[in-house]
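Let's walk through a protein model together, one piece at a time. Please keep the structure in view as you read.

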Amino acid sequence: MPSRLNPEDQQRVDEYLRAPQHQVERQPFRPWILLLIVLIVVIGLGLLSRLLSRLVL
């Protein structure tokens, strides 16, 4: 795919992307862990709201 940038700008972009702070290895995204965390938070907040409602009433 040809670049739409002029060569000078493309060179600056390439240098920026080669910088060490942009070369961080990341772990693969795991949607099941995210779903588990969201589920735990929702259940925890539901239990907290039931506890608070019993204390008030």
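We will start with how to read the model, then visit its helices and its surface.

This is a predicted model, in which local features need pLDDT of at least 70 and side-chain atom pairs count only at pLDDT 80 or more, while totals for chains, interfaces and linings use all residues. Residues are numbered from 1 along each chain as its sequence is written, and side-chain values use heavy atoms, leaving out hydrogens and water.

Begin with helix α1, residues 7–18, where Arg12 and Asp9 sit three residues apart, about one turn of the helix. (Helices are DSSP runs of H or I with at least four residues, numbered from the N terminus.) Side chains of opposite charge can pair when their charged atoms come close. Here, the side chains of Arg12 and Asp9 form a salt bridge at 3.0 Å, N to O. A salt bridge is a side-chain nitrogen of Lys or Arg within 4 Å of a carboxyl oxygen of Asp or Glu, and the count by this rule is one. Arg12 is exposed at 52% relative accessibility, whereas Asp9 is partly exposed at 27%. Exposed means over 50% relative accessible area, buried under 20%, and partly exposed in between, with a 1.4 Å probe and protein chains only.

Now move along to residues 32–52, which an unreviewed UniProt entry lists as "transmembrane region"; such annotations may be inferred rather than shown by experiment. Over this stretch the chain is 100% helix and 0% strand, with its end C-alpha atoms 30 Å apart.

Finish at Val56, which belongs to helix α2, residues 31–56. Val56 counts as exposed because its relative accessible area is 69%.

Methods. Helices (H or I, at least four residues) and strands (E, at least two) are DSSP runs, numbered from the N terminus.
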